[in-house]
Amino acid sequence: MNQDFSPLLEAARRYLDIDHAPFYMPGHKRGQGIDRELMAIMGENMFRLDLPELPDLEEPIAEAEALAADAYGSDRAWFLTNGSTCGVQAMLLATCKQGDKILIGRNCHKAAIAGLVLNGAMPVYLPTDYLPEFDLDLGVSPKTLELFLNLHPDAKAVMLVSPNYFGVCGELAKMAVIAHSFNIPLLVDAAHGAHLGFHPDLPNSALQAGADLVVQSTHKVAGSLTQSSILHLQGDRIAVEQVDRALQILRSSSPNLLLMISLDVARRQMAVNGKKLLTYTLGLAKTARSQLNQIPDLRTFSQTEVPTLDDTRLTVMTDCLGISGFEADEYLHSQLDVMAEMPTRSQLVFSLSFGNTQDDIDRLVNGFQRLVKEKGKRKKEKLITNYELRITNYQSRLTPREVYFGKCDRVSIDNSIGRISAESLCPYPPGIPLVCIGEEITLEVVEMLQAILRSGGVINGASDDSLKTILVI
(Lines give C-alpha, C1' and ligand atoms only; values in the text may rest on other atoms or scores of the structure.)
Protein backbone atom coordinates (compact mmCIF):
# COMPACT_ATOMS: atom_id res chain seq x y z
CA MET A 1 0.00 0.00 0.00
CA ASN A 2 1.05 3.60 -0.51
CA GLN A 3 2.27 4.58 2.95
CA ASP A 4 2.91 8.16 1.78
CA PHE A 5 -0.85 8.68 1.56
CA SER A 6 -2.88 9.93 4.54
CA PRO A 7 -6.60 9.55 3.71
CA LEU A 8 -7.88 11.21 6.86
CA LEU A 9 -5.59 14.20 6.42
CA GLU A 10 -6.86 14.60 2.86
CA ALA A 11 -10.45 14.33 4.07
CA ALA A 12 -9.69 17.01 6.68
CA ARG A 13 -8.37 19.34 3.98
CA ARG A 14 -11.57 18.87 1.98
CA TYR A 15 -13.75 19.65 4.96
CA LEU A 16 -11.79 22.83 5.70
CA ASP A 17 -12.82 24.07 2.25
CA ILE A 18 -16.50 23.29 2.76
CA ASP A 19 -18.76 26.19 3.74
CA HIS A 20 -22.07 24.80 4.91
CA ALA A 21 -24.74 25.35 7.57
CA PRO A 22 -23.80 22.89 10.38
CA PHE A 23 -26.96 21.48 11.99
CA TYR A 24 -25.02 18.53 13.48
CA MET A 25 -23.11 18.07 16.70
CA PRO A 26 -20.89 19.23 18.43
CA GLY A 27 -22.62 22.34 19.66
CA HIS A 28 -19.81 24.76 18.92
CA LYS A 29 -20.60 24.33 15.18
CA ARG A 30 -17.10 24.17 13.72
CA GLY A 31 -15.80 26.74 16.18
CA GLN A 32 -18.46 29.38 15.56
CA GLY A 33 -19.67 29.06 19.15
CA ILE A 34 -16.32 28.53 20.84
CA ASP A 35 -15.19 30.93 23.53
CA ARG A 36 -12.96 33.49 21.80
CA GLU A 37 -10.19 33.25 24.37
CA LEU A 38 -9.97 29.50 23.86
CA MET A 39 -10.04 30.02 20.10
CA ALA A 40 -7.12 32.44 20.36
CA ILE A 41 -5.05 29.85 22.23
CA MET A 42 -5.98 26.75 20.25
CA GLY A 43 -6.47 28.05 16.72
CA GLU A 44 -9.49 27.99 14.42
CA ASN A 45 -8.82 24.87 12.33
CA MET A 46 -8.82 22.55 15.32
CA PHE A 47 -12.47 23.38 16.01
CA ARG A 48 -13.43 23.34 12.34
CA LEU A 49 -12.16 19.75 12.23
CA ASP A 50 -13.86 18.67 15.46
CA LEU A 51 -16.48 16.82 13.45
CA PRO A 52 -18.79 13.83 13.94
CA GLU A 53 -18.82 10.90 11.51
CA LEU A 54 -20.16 12.92 8.61
CA PRO A 55 -20.79 11.61 5.07
CA ASP A 56 -17.60 10.86 3.16
CA LEU A 57 -15.59 10.18 6.33
CA GLU A 58 -16.41 6.48 6.74
CA GLU A 59 -14.33 5.43 3.72
CA PRO A 60 -11.20 7.46 4.69
CA ILE A 61 -11.34 6.01 8.21
CA ALA A 62 -11.49 2.45 6.87
CA GLU A 63 -8.66 3.20 4.45
CA ALA A 64 -6.56 4.76 7.21
CA GLU A 65 -7.03 1.66 9.39
CA ALA A 66 -6.05 -0.58 6.47
CA LEU A 67 -2.88 1.47 5.96
CA ALA A 68 -2.09 1.11 9.68
CA ALA A 69 -2.49 -2.66 9.48
CA ASP A 70 -0.17 -2.74 6.46
CA ALA A 71 2.44 -0.52 8.12
CA TYR A 72 2.56 -2.46 11.36
CA GLY A 73 2.14 -5.91 9.82
CA SER A 74 -1.26 -6.94 11.19
CA ASP A 75 -4.30 -8.36 9.42
CA ARG A 76 -6.70 -5.82 10.86
CA ALA A 77 -6.34 -2.55 12.77
CA TRP A 78 -8.85 -0.47 14.71
CA PHE A 79 -8.29 3.18 15.64
CA LEU A 80 -9.08 3.86 19.31
CA THR A 81 -9.87 7.32 20.61
CA ASN A 82 -10.25 6.34 24.25
CA GLY A 83 -6.74 5.04 24.69
CA SER A 84 -5.05 1.70 25.13
CA THR A 85 -7.26 1.17 28.17
CA CYS A 86 -10.05 0.47 25.69
CA GLY A 87 -7.80 -1.86 23.70
CA VAL A 88 -6.65 -3.85 26.72
CA GLN A 89 -10.22 -4.36 27.85
CA ALA A 90 -11.38 -5.23 24.33
CA MET A 91 -8.70 -7.95 24.12
CA LEU A 92 -10.04 -9.47 27.34
CA LEU A 93 -13.69 -9.28 26.30
CA ALA A 94 -12.91 -10.77 22.90
CA THR A 95 -11.14 -13.83 24.29
CA CYS A 96 -12.57 -14.72 27.72
CA LYS A 97 -16.01 -14.98 29.25
CA GLN A 98 -17.22 -15.24 32.83
CA GLY A 99 -15.51 -18.08 34.68
CA ASP A 100 -12.78 -18.57 32.07
CA LYS A 101 -9.21 -18.73 33.27
CA ILE A 102 -6.59 -16.35 31.84
CA LEU A 103 -2.85 -16.23 32.53
CA ILE A 104 -1.84 -12.61 33.01
CA GLY A 105 1.45 -11.01 34.00
CA ARG A 106 1.30 -9.58 37.51
CA ASN A 107 2.93 -6.43 36.16
CA CYS A 108 -0.26 -5.71 34.21
CA HIS A 109 -1.75 -2.22 34.03
CA LYS A 110 -4.82 -1.42 36.10
CA ALA A 111 -6.80 -1.31 32.84
CA ALA A 112 -6.45 -5.09 32.63
CA ILE A 113 -7.88 -5.51 36.14
CA ALA A 114 -10.85 -3.37 35.12
CA GLY A 115 -11.21 -5.58 32.04
CA LEU A 116 -11.43 -8.62 34.30
CA VAL A 117 -14.26 -6.93 36.17
CA LEU A 118 -16.04 -6.56 32.85
CA ASN A 119 -15.60 -10.09 31.52
CA GLY A 120 -15.72 -12.02 34.82
CA ALA A 121 -12.66 -14.16 34.04
CA MET A 122 -10.47 -15.68 36.73
CA PRO A 123 -6.90 -14.34 36.54
CA VAL A 124 -3.92 -16.57 37.18
CA TYR A 125 -1.18 -14.03 37.82
CA LEU A 126 2.27 -14.78 36.44
CA PRO A 127 5.30 -13.71 38.51
CA THR A 128 7.96 -11.61 36.81
CA ASP A 129 11.75 -11.82 36.78
CA TYR A 130 13.88 -9.16 38.42
CA LEU A 131 17.33 -7.58 37.94
CA PRO A 132 18.44 -6.33 41.38
CA GLU A 133 21.43 -4.35 40.09
CA PHE A 134 19.08 -1.81 38.54
CA ASP A 135 15.97 -2.51 40.61
CA LEU A 136 14.34 -3.54 37.36
CA ASP A 137 11.29 -5.66 36.61
CA LEU A 138 12.07 -7.84 33.57
CA GLY A 139 8.57 -9.11 32.97
CA VAL A 140 7.37 -12.70 32.57
CA SER A 141 9.91 -15.21 31.27
CA PRO A 142 9.18 -18.00 28.75
CA LYS A 143 10.09 -20.54 31.45
CA THR A 144 7.47 -19.09 33.80
CA LEU A 145 4.83 -19.03 31.10
CA GLU A 146 5.41 -22.65 30.15
CA LEU A 147 5.33 -23.73 33.79
CA PHE A 148 1.99 -22.02 34.42
CA LEU A 149 0.44 -23.27 31.20
CA ASN A 150 1.28 -26.81 32.22
CA LEU A 151 -0.33 -26.13 35.59
CA HIS A 152 -3.37 -24.48 33.98
CA PRO A 153 -3.91 -26.13 30.58
CA ASP A 154 -7.56 -24.97 30.65
CA ALA A 155 -6.55 -21.30 30.33
CA LYS A 156 -8.22 -19.52 27.43
CA ALA A 157 -5.58 -16.85 26.75
CA VAL A 158 -2.30 -15.31 27.89
CA MET A 159 -1.90 -11.55 28.41
CA LEU A 160 1.53 -9.94 28.81
CA VAL A 161 2.97 -6.42 28.99
CA SER A 162 5.82 -5.63 26.57
CA PRO A 163 7.55 -3.19 26.67
CA ASN A 164 7.05 -2.22 30.28
CA TYR A 165 7.36 1.33 31.60
CA PHE A 166 11.14 1.01 31.79
CA GLY A 167 11.34 -0.09 28.14
CA VAL A 168 12.09 -3.75 28.91
CA CYS A 169 10.62 -6.05 26.27
CA GLY A 170 9.69 -9.66 26.85
CA GLU A 171 10.94 -12.62 24.81
CA LEU A 172 7.67 -12.55 22.97
CA ALA A 173 8.64 -14.75 20.02
CA LYS A 174 9.37 -17.63 22.39
CA MET A 175 6.23 -16.97 24.40
CA ALA A 176 4.04 -16.82 21.30
CA VAL A 177 5.30 -20.27 20.34
CA ILE A 178 4.57 -21.57 23.85
CA ALA A 179 1.06 -20.10 23.98
CA HIS A 180 0.23 -21.35 20.50
CA SER A 181 1.47 -24.84 21.37
CA PHE A 182 -1.41 -24.89 23.89
CA ASN A 183 -3.71 -23.59 21.14
CA ILE A 184 -4.47 -20.33 22.92
CA PRO A 185 -3.84 -16.74 21.80
CA LEU A 186 -1.18 -14.35 23.07
CA LEU A 187 -2.49 -10.87 23.92
CA VAL A 188 0.06 -8.10 24.39
CA ASP A 189 -0.35 -4.73 26.05
CA ALA A 190 2.27 -2.96 23.93
CA ALA A 191 1.11 0.51 24.91
CA HIS A 192 4.75 1.63 25.06
CA GLY A 193 5.78 -0.09 21.82
CA ALA A 194 4.12 1.68 18.88
CA HIS A 195 7.55 2.64 17.49
CA LEU A 196 9.05 -0.85 17.64
CA GLY A 197 9.50 -2.64 14.34
CA PHE A 198 10.69 0.48 12.53
CA HIS A 199 14.39 0.35 13.46
CA PRO A 200 16.85 -2.58 13.47
CA ASP A 201 18.51 -1.47 16.71
CA LEU A 202 15.27 -1.76 18.65
CA PRO A 203 13.59 -4.96 19.85
CA ASN A 204 11.04 -6.55 17.55
CA SER A 205 7.44 -5.47 17.92
CA ALA A 206 4.84 -7.75 19.48
CA LEU A 207 3.30 -8.30 16.05
CA GLN A 208 6.65 -9.30 14.57
CA ALA A 209 7.00 -11.76 17.47
CA GLY A 210 3.72 -13.46 16.56
CA ALA A 211 1.23 -12.07 19.10
CA ASP A 212 -2.44 -12.44 18.15
CA LEU A 213 -3.91 -9.23 19.60
CA VAL A 214 -1.78 -6.16 20.31
CA VAL A 215 -2.67 -2.68 21.51
CA GLN A 216 -0.28 0.24 21.02
CA SER A 217 -0.50 3.74 22.48
CA THR A 218 0.64 5.51 19.34
CA HIS A 219 0.85 8.76 21.29
CA LYS A 220 3.46 7.59 23.81
CA VAL A 221 6.57 7.55 21.58
CA ALA A 222 5.15 7.99 18.07
CA GLY A 223 3.51 11.26 17.03
CA SER A 224 -0.26 11.02 17.54
CA LEU A 225 -2.33 12.95 20.06
CA THR A 226 -2.85 11.83 23.65
CA GLN A 227 -5.59 9.22 24.08
CA SER A 228 -5.13 7.80 20.57
CA SER A 229 -4.17 4.14 20.15
CA ILE A 230 -4.39 1.28 17.67
CA LEU A 231 -5.59 -2.27 18.29
CA HIS A 232 -4.14 -4.92 15.96
CA LEU A 233 -5.24 -8.47 15.14
CA GLN A 234 -3.28 -11.09 13.23
CA GLY A 235 -3.85 -14.78 12.56
CA ASP A 236 -7.05 -16.79 12.87
CA ARG A 237 -7.09 -17.74 16.56
CA ILE A 238 -9.43 -14.83 17.31
CA ALA A 239 -12.27 -13.92 14.96
CA VAL A 240 -12.60 -10.34 13.74
CA GLU A 241 -16.24 -10.45 14.87
CA GLN A 242 -15.20 -11.11 18.47
CA VAL A 243 -13.08 -7.98 18.52
CA ASP A 244 -15.77 -5.94 16.77
CA ARG A 245 -18.34 -7.00 19.38
CA ALA A 246 -16.03 -6.03 22.23
CA LEU A 247 -15.32 -2.64 20.69
CA GLN A 248 -19.04 -2.02 20.20
CA ILE A 249 -19.31 -2.07 23.98
CA LEU A 250 -16.14 -0.18 24.84
CA ARG A 251 -15.44 2.34 22.10
CA SER A 252 -16.98 5.79 22.20
CA SER A 253 -19.93 6.20 19.83
CA SER A 254 -18.60 9.73 19.19
CA PRO A 255 -14.97 9.18 18.16
CA ASN A 256 -12.81 12.28 18.00
CA LEU A 257 -11.82 12.94 14.38
CA LEU A 258 -8.80 14.99 15.46
CA LEU A 259 -7.40 11.96 17.27
CA MET A 260 -8.02 9.71 14.29
CA ILE A 261 -6.35 12.17 11.91
CA SER A 262 -3.34 12.23 14.23
CA LEU A 263 -3.22 8.41 14.20
CA ASP A 264 -3.27 8.37 10.42
CA VAL A 265 -0.48 10.92 10.14
CA ALA A 266 1.60 9.26 12.89
CA ARG A 267 1.33 5.98 10.97
CA ARG A 268 2.57 7.69 7.82
CA GLN A 269 5.40 9.31 9.76
CA MET A 270 6.64 5.98 11.13
CA ALA A 271 6.12 4.00 7.92
CA VAL A 272 7.90 6.51 5.70
CA ASN A 273 10.49 8.10 8.01
CA GLY A 274 10.51 5.88 11.09
CA LYS A 275 14.04 4.57 10.72
CA LYS A 276 15.48 8.06 10.23
CA LEU A 277 13.49 9.53 13.11
CA LEU A 278 14.39 6.70 15.48
CA THR A 279 18.07 6.86 14.50
CA TYR A 280 17.97 10.47 15.64
CA THR A 281 16.18 9.51 18.87
CA LEU A 282 18.63 6.71 19.65
CA GLY A 283 21.49 9.16 19.08
CA LEU A 284 20.03 11.52 21.67
CA ALA A 285 19.60 8.63 24.11
CA LYS A 286 23.19 7.50 23.60
CA THR A 287 24.50 11.01 24.22
CA ALA A 288 22.38 11.35 27.36
CA ARG A 289 23.55 8.02 28.79
CA SER A 290 27.20 8.78 28.08
CA GLN A 291 27.10 12.17 29.78
CA LEU A 292 24.95 11.07 32.73
CA ASN A 293 27.21 8.11 33.46
CA GLN A 294 30.09 10.54 33.92
CA ILE A 295 28.31 12.31 36.78
CA PRO A 296 29.41 10.90 40.15
CA ASP A 297 26.94 8.53 41.83
CA LEU A 298 24.59 8.39 38.84
CA ARG A 299 23.98 5.25 36.80
CA THR A 300 21.99 4.36 33.71
CA PHE A 301 21.66 1.13 31.75
CA SER A 302 21.26 0.26 28.08
CA GLN A 303 21.00 -2.82 25.85
CA THR A 304 24.53 -3.70 27.01
CA GLU A 305 23.15 -4.54 30.46
CA VAL A 306 19.56 -5.37 29.41
CA PRO A 307 19.56 -6.89 25.89
CA THR A 308 15.78 -6.63 25.47
CA LEU A 309 15.71 -2.91 26.31
CA ASP A 310 14.15 -0.24 24.14
CA ASP A 311 17.00 2.28 24.33
CA THR A 312 14.69 5.24 23.73
CA ARG A 313 13.57 4.80 27.35
CA LEU A 314 16.16 6.25 29.76
CA THR A 315 16.26 5.25 33.43
CA VAL A 316 18.55 7.14 35.81
CA MET A 317 19.33 5.46 39.12
CA THR A 318 19.30 7.81 42.12
CA ASP A 319 19.93 5.20 44.82
CA CYS A 320 23.67 5.87 45.11
CA LEU A 321 22.91 9.52 45.86
CA GLY A 322 20.94 8.48 48.89
CA ILE A 323 17.81 10.28 47.65
CA SER A 324 14.63 8.91 46.16
CA GLY A 325 13.51 9.40 42.61
CA PHE A 326 10.57 11.38 43.97
CA GLU A 327 12.88 13.92 45.61
CA ALA A 328 15.07 14.16 42.51
CA ASP A 329 11.99 14.64 40.34
CA GLU A 330 10.70 17.44 42.57
CA TYR A 331 14.02 19.28 42.35
CA LEU A 332 14.41 18.89 38.59
CA HIS A 333 10.96 20.11 37.65
CA SER A 334 10.51 22.82 40.30
CA GLN A 335 14.00 24.31 40.03
CA LEU A 336 15.03 23.58 36.43
CA ASP A 337 11.85 22.82 34.45
CA VAL A 338 13.12 19.36 33.51
CA MET A 339 10.15 17.00 33.53
CA ALA A 340 10.58 13.24 33.90
CA GLU A 341 8.02 10.69 32.79
CA MET A 342 8.05 8.72 36.04
CA PRO A 343 9.78 8.77 39.43
CA THR A 344 10.11 5.70 41.64
CA ARG A 345 11.76 5.24 45.01
CA SER A 346 15.14 4.58 43.37
CA GLN A 347 14.86 5.84 39.78
CA LEU A 348 13.78 8.51 37.36
CA VAL A 349 12.45 7.37 33.99
CA PHE A 350 12.63 9.61 30.90
CA SER A 351 10.81 8.90 27.66
CA LEU A 352 12.75 10.07 24.60
CA SER A 353 11.32 10.48 21.11
CA PHE A 354 12.06 12.28 17.87
CA GLY A 355 10.18 15.22 19.39
CA ASN A 356 13.11 15.83 21.74
CA THR A 357 16.07 18.05 20.88
CA GLN A 358 19.73 18.26 21.77
CA ASP A 359 18.80 21.24 23.93
CA ASP A 360 16.51 18.97 25.93
CA ILE A 361 19.41 16.58 26.52
CA ASP A 362 21.70 19.44 27.55
CA ARG A 363 19.11 20.64 30.07
CA LEU A 364 18.64 17.11 31.39
CA VAL A 365 22.38 16.58 31.93
CA ASN A 366 22.83 20.05 33.41
CA GLY A 367 19.90 19.39 35.71
CA PHE A 368 21.49 16.26 37.13
CA GLN A 369 24.85 17.99 37.47
CA ARG A 370 23.21 20.68 39.57
CA LEU A 371 21.18 18.13 41.50
CA VAL A 372 24.31 16.21 42.50
CA LYS A 373 26.18 19.40 43.36
CA GLU A 374 23.40 20.99 45.43
CA LYS A 375 22.00 17.91 47.10
CA GLY A 376 25.35 16.21 47.62
CA LYS A 377 25.76 12.55 48.32
CA ARG A 378 23.93 11.51 51.45
CA LYS A 379 24.35 8.49 53.58
CA LYS A 380 22.65 5.77 51.57
CA GLU A 381 19.25 5.06 53.05
CA LYS A 382 17.27 1.88 52.83
CA LEU A 383 14.84 2.46 49.96
CA ILE A 384 11.96 0.18 49.07
CA THR A 385 12.85 -1.45 45.77
CA ASN A 386 10.68 -2.62 42.94
CA TYR A 387 11.55 -6.17 44.00
CA GLU A 388 10.05 -5.54 47.43
CA LEU A 389 7.02 -3.94 45.79
CA ARG A 390 6.30 -7.08 43.83
CA ILE A 391 3.41 -9.13 45.05
CA THR A 392 4.00 -12.64 46.36
CA ASN A 393 0.32 -13.46 46.91
CA TYR A 394 -0.42 -14.02 43.23
CA GLN A 395 -3.62 -16.01 43.26
CA SER A 396 -7.05 -14.69 44.12
CA ARG A 397 -9.83 -16.80 45.55
CA LEU A 398 -12.50 -14.67 43.88
CA THR A 399 -12.67 -13.09 40.44
CA PRO A 400 -12.33 -9.30 40.27
CA ARG A 401 -15.93 -9.19 39.04
CA GLU A 402 -17.23 -11.14 42.04
CA VAL A 403 -15.46 -8.78 44.39
CA TYR A 404 -16.53 -5.64 42.54
CA PHE A 405 -20.21 -6.55 42.71
CA GLY A 406 -20.00 -8.10 46.19
CA LYS A 407 -20.79 -6.50 49.53
CA CYS A 408 -17.84 -4.56 50.87
CA ASP A 409 -16.94 -2.78 54.08
CA ARG A 410 -14.73 0.21 54.81
CA VAL A 411 -12.13 -0.50 57.46
CA SER A 412 -9.03 1.26 58.72
CA ILE A 413 -5.88 0.42 56.80
CA ASP A 414 -4.41 -1.26 59.89
CA ASN A 415 -7.45 -3.53 60.21
CA SER A 416 -7.40 -4.47 56.53
CA ILE A 417 -4.49 -6.90 56.82
CA GLY A 418 -5.65 -10.41 55.98
CA ARG A 419 -8.84 -9.16 54.30
CA ILE A 420 -9.63 -9.29 50.57
CA SER A 421 -9.23 -5.93 48.85
CA ALA A 422 -12.27 -4.52 47.07
CA GLU A 423 -10.14 -1.96 45.21
CA SER A 424 -6.92 -1.96 43.20
CA LEU A 425 -4.24 0.33 44.61
CA CYS A 426 -1.29 1.29 42.47
CA PRO A 427 1.48 3.86 42.32
CA TYR A 428 0.80 6.05 39.28
CA PRO A 429 2.62 5.96 37.00
CA PRO A 430 3.17 3.16 36.07
CA GLY A 431 -0.34 2.09 37.07
CA ILE A 432 0.58 -1.44 38.19
CA PRO A 433 -1.44 -2.38 41.28
CA LEU A 434 0.42 -3.33 44.45
CA VAL A 435 -2.78 -5.04 45.50
CA CYS A 436 -5.44 -6.01 42.98
CA ILE A 437 -9.13 -6.20 43.63
CA GLY A 438 -9.68 -9.75 44.90
CA GLU A 439 -6.21 -10.16 46.46
CA GLU A 440 -5.40 -10.50 50.13
CA ILE A 441 -3.98 -7.36 51.79
CA THR A 442 -0.70 -8.03 53.56
CA LEU A 443 1.29 -6.03 56.09
CA GLU A 444 4.09 -5.63 53.52
CA VAL A 445 1.72 -4.11 50.97
CA VAL A 446 0.31 -1.64 53.52
CA GLU A 447 3.79 -0.56 54.56
CA MET A 448 4.86 -0.14 50.94
CA LEU A 449 1.83 1.97 50.06
CA GLN A 450 2.38 4.22 53.08
CA ALA A 451 6.10 4.56 52.29
CA ILE A 452 5.32 5.64 48.73
CA LEU A 453 2.90 8.29 49.98
CA ARG A 454 5.48 9.59 52.46
CA SER A 455 8.04 9.80 49.66
CA GLY A 456 5.78 11.99 47.57
CA GLY A 457 4.35 9.31 45.31
CA VAL A 458 0.72 9.06 44.20
CA ILE A 459 -1.52 6.06 44.84
CA ASN A 460 -4.19 5.66 42.20
CA GLY A 461 -7.43 3.75 42.66
CA ALA A 462 -7.92 4.41 46.37
CA SER A 463 -11.42 5.52 47.35
CA ASP A 464 -9.77 7.24 50.34
CA ASP A 465 -6.94 9.46 49.07
CA SER A 466 -5.37 9.61 52.51
CA LEU A 467 -5.19 5.79 52.56
CA LYS A 468 -6.38 5.76 56.17
CA THR A 469 -9.21 3.45 55.16
CA ILE A 470 -9.76 0.87 52.42
CA LEU A 471 -12.67 -1.13 51.02
CA VAL A 472 -12.59 -4.86 51.72
CA ILE A 473 -14.94 -7.82 51.51
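**Helix α6 and the overall fold of the predicted model**

The buried residues of helix α6 are Ala-111, Ala-112, Ile-113, Gly-115, Leu-116, Val-117 and Asn-119. The model is a predicted one. Helix α6 spans residues 110-119, and seven of these ten residues are buried, so the helix is largely enclosed by the rest of the structure. A residue is counted here as buried when its relative accessible area is under 20%. The cover over the buried residues of α6 is provided by elements that include the helices α5 (83-95) and α14 (400-404) and the strands β2 (101-105), β3 (122-126) and β6 (157-161). Just beyond the end of α6, Gly-120 adopts a positive phi of about 75°.

The protein as a whole contains 15 helices and 17 strands. Its radius of gyration is 23 Å, close to the 23 Å given by the globule rule for 473 residues; the protein is therefore as compact as a globular protein of that length. Along the principal axes, the C-alpha atoms occupy a box of roughly 65 × 55 × 45 Å. Burial applies to 56% of the 473 residues. Of the contacts between residues at least 6 apart in sequence, 71% link residues at least 24 apart.

The accessible surface of the protein amounts to about 20600 Å², and carbon and sulfur atoms account for 50% of this area.

Key:
Residues are numbered from 1 along each chain as its sequence is written. This is a predicted model: local features need pLDDT of at least 70, side-chain atom pairs count only at pLDDT 80 or more; totals for chains, interfaces and linings use all residues. Side-chain values use heavy atoms; hydrogens and water are left out. Helices (H or I, at least four residues) and strands (E, at least two) are DSSP runs, numbered from the N terminus. The radius of gyration is taken over C-alpha atoms; the globule rule is 2.2 Å times the number of residues to the power 0.38. Buried means under 20% relative accessible area, exposed over 50%, partly exposed in between (1.4 Å probe, protein chains only). Contact means heavy atoms within 4.5 Å. Accessible areas come from the Shrake-Rupley method with a 1.4 Å probe; for residues, only the protein chains shown count as cover.
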